[in-house]
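Please open the structure in the viewer and keep the sequence beside it.

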Amino acid sequence: TKERSVINSFNRKGIEAVARQQFEVARRVLAKGLIPIIEPEVNIKATDKAKCEQLLLECLMAGLQQLGPDEKVMFKLTLPTQDNLYAPLLGHPLTVRMVALSGGYKRAEACEVLAKNAGMIASFS
């Protein structure tokens, strides 16, 4: 189960709040014995998208550190501006899977960007 949030521009407090909210919902899902999907989407049209993604990565890594050793999560993230930006999340032992949102990119462009991000799998609609 998941709850999606959208980040439209860089705002430190806002991005921190989004990440915190995602993990709060994740804990409720985990308490029911399910694996949560953490889905904070970064708008692909954000002029400061890369900056948003960098802070989001830091916040998501911090959130993982607060989980218990058996509390596994899945991430559904917008394709990043920087290739393999989310590799630290993917390599974390509590991450079971990471899927990529196309976020509004045309399918061909989304596939091209996805190919530059090892370990991410497509979840394009």
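**Cysteines**

Begin by selecting the cysteines: the structure holds 0 disulfides, a disulfide being a pair of cysteine sulfur atoms within 2.5 Å. This is a predicted model, in which local features need pLDDT of at least 70 and side-chain atom pairs count only at pLDDT 80 or more, while totals for chains, interfaces and linings use all residues. Residues are numbered from 1 along each chain as its sequence is written, and side-chain values use heavy atoms, with hydrogens and water left out.

Cys59 is buried, with a relative accessible area of 14%, whereas Cys111 is partly exposed at 39%. Here, buried means under 20% relative accessible area, exposed means over 50%, and partly exposed lies in between (1.4 Å probe, protein chains only).

**The largest nonpolar core**

In soluble globular proteins, nonpolar side chains tend to be buried together. A nonpolar core is a set of buried Ala, Val, Leu, Ile, Met, Phe, Trp, Tyr and Cys residues joined through side-chain atoms within 4.5 Å. Next, select Leu60, Leu64, Phe75, Leu77, Leu79, Tyr86 and Leu89, the residues with the most contacts inside the largest nonpolar core, which has 34 residues. The elements that give two or more residues to this core are helix H1 (12-31), strand E2 (37-42), helix H2 (49-65), strand E3 (73-78), strand E4 (95-101) and helix H4 (107-114). Helices (H or I, at least four residues) and strands (E, at least two) are DSSP runs, numbered from the N terminus. H2 provides the largest share of the core, 7 residues.

Which residues does Leu64 touch, not counting residues up to four places away in sequence? They are Phe23, Val73, Phe75, Leu89, His92, Leu94 and Thr95. Contact means heavy atoms within 4.5 Å.

Select Ala26, which is in helix H1. Ala26 counts as buried, at 1% relative accessibility. Not counting residues up to four places away in sequence, Ala26 touches Pro36 and Ile38. Then select Ala31, which is also placed in helix H1. Ala31 counts as exposed, at 66% relative accessibility. Ala31 and Ser5 are 26 residues apart in sequence and 21 Å apart in space, C-alpha to C-alpha.

**The largest pocket**

Rolling a probe the size of a water molecule over the atoms shows where empty space is left. On a 1 Å grid over the protein atoms alone, a cavity is a set of points where a 1.4 Å probe fits but cannot get out, and a pocket is an open set with protein on both sides within 12 Å along at least five of seven lines; lining residues have an atom within 4 Å of a point. Grid points are joined across faces, edges and corners, and a volume is the space filled by probe spheres set on the points.

Now select Glu16, Ala19, Arg20, Phe23, Glu24, Arg27, Cys59, Ala62, Gly63 and Gln66, which line the largest pocket. H1 and H2 are the elements that give two or more residues to this lining, and the largest share, 6 residues, comes from H1. The volume of the largest pocket is about 160 Å³. Its lining divides into 4 nonpolar, 2 polar and 4 charged residues. Ala, Val, Leu, Ile, Met, Phe, Trp, Tyr, Cys and Pro count as nonpolar, Asp, Glu, Lys and Arg as charged, and the others, Gly among them, as polar.

How many cavities of 30 Å³ or more does the structure hold? There is 1. The largest cavity contains about 40 Å³ of space. To find the largest cavity, select its lining: Pro80, Asn84, Leu85, Tyr86, Ala87, Leu90, Asn117, Ala118 and Met120. By class, this lining has 7 nonpolar, 2 polar and no charged residues.

Keep Asn84 selected; it is found in the loop between E3 and helix H3 (87-90). Asn84 counts as partly exposed, at 33% relative accessibility. Leaving aside its neighbours within four places in sequence, Asn84 is in contact with Lys116, Asn117 and Ala118. Most residues other than glycine have a negative phi. The phi of Asn84, however, is near 60 degrees, a positive value in a residue other than glycine.

**Last stop: Ser102**

Finally, select Ser102, in the loop between E4 and H4. Ser102 is buried, with a relative accessible area of 12%. Ser102 touches Ile44, Leu79, Ala110 and Phe124, not counting residues up to four places away in sequence.
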